[in-house]
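Hello,

Here is the structure I promised to pass on. Have a look at it first, and then read on for what turned up.

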Amino acid sequence: MLLFGPYTWLILLVFLATMLIQGWLKSTYAKYGRVPNSRGLSGAETAREILDRYGLANVQVEPIRGVLTDHYDPRGKVVRLSEGNYSSNSLAALAVAAHEVGHALQDAENYVPMRVRSQLVPAAQIGSNFGPWLFIIGLMMHLTGLATIGLYLFGAAALFQLVTLPVEFNASARALANLKKFNLLSAAELPAARQVLTVAALTYVAALAMSVVYILQYAAILGMGRDD
Ligand SMILES: [Zn+2]
């Protein structure tokens, strides 16, 4: 979409980096998805253990269909782990389970970036669904105002991605701290969990970078249109 402009090379570069990071995540996940943890705990048992240690007996742990569908549901107070991670005792499964519990802990203590992020959800959805289209239609019909609104809407979606970063990095930091603190993983196993979570976090950075280069491209195209 609107690939041709002054930042085309940058878009292609970020696209390439995104593909590499996704491939890296897939291979890291596959690698540590085959290594069982020394205590033989499943993802579900790990999540339950950490939640209980923090007195969050009210937060449920449930399996959900699909791959990489793991998430925390703040409304239902449920940590949902993909079926594989729920029952697996791999290092990757434990890292993901502890990460999702990290979000439950953020919710329990009203972690500010998480609150801000949930406030931005509607704007982000409108922004990513309609922003690019309004921009293109505005451009084609020479309605600069409409194109500018499209650009701002797309900017709202990027802002959401920006606020997502501290939420994700913090959940991973909590995960690693808790895996260590409660002796769920040994010192020798922790680097694997760290690697899984770090590469996963990079995918969020790549998504933000993609939005930023598109915004640069859109802004440049809009600026050129004005000069005509
Ligand atoms: Zn997360």
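A word on handedness before the details: a crossing of two helices is called right-handed if the near helix is turned clockwise from the far one by less than a right angle, and left-handed if the turn is anticlockwise. Please keep in mind that this is a predicted model.

By that convention, helices α4 and α6 make a right-handed crossing. The contact draws on L94, A95, A98, H99, G102, H103, L105 and Q106 from α4, and on V167, N170, A171, S172, R174, A175, N178 and L179 from α6. Sorted by class, these are eight nonpolar, seven polar and one charged residues. As for the geometry, the axes of α4 (residues 91–108) and α6 come within 7 Å and cross at roughly 115°.

Helix α6 itself covers residues 144–181, 38 residues in all. From first C-alpha to last, α6 reaches 56 Å, close to the 56 Å expected at 1.5 Å a residue. Just after this helix, N183 has a positive phi of about 55°.

There is also a sheet to look at. It is open, with three strands in the order β1-β3-β2 and mixed pairing. The edges are β1 (60–64) and β2 (71–73), each of which pairs on one side only. Between one strand and the next, the twist averages 30°. Strands β1 and β3 (residues 78–82) run parallel and are joined by five bridges; P63 stands opposite L81 of β3. Helix α2 (residues 43–53) packs on this sheet, where it touches β1 and β3, and its direction makes about 160° with that of β3.

Enjoy exploring it!

Best wishes

Conventions
Residues are numbered from 1 along each chain as its sequence is written. This is a predicted model: local features need pLDDT of at least 70, side-chain atom pairs count only at pLDDT 80 or more; totals for chains, interfaces and linings use all residues. Helices (H or I, at least four residues) and strands (E, at least two) are DSSP runs, numbered from the N terminus. The expected span of a helix is 1.5 Å times one less than its number of residues. Axes are lines fitted to C-alpha atoms, for helices over the stretch in contact, and angles run from 0 to 180 degrees between N-to-C directions. Two residues are in contact if their C-beta atoms, placed from the backbone, lie within 7 Å. Ala, Val, Leu, Ile, Met, Phe, Trp, Tyr, Cys and Pro count as nonpolar, Asp, Glu, Lys and Arg as charged, and the others, Gly among them, as polar. Two strands pair if DSSP finds at least two bridges between them.
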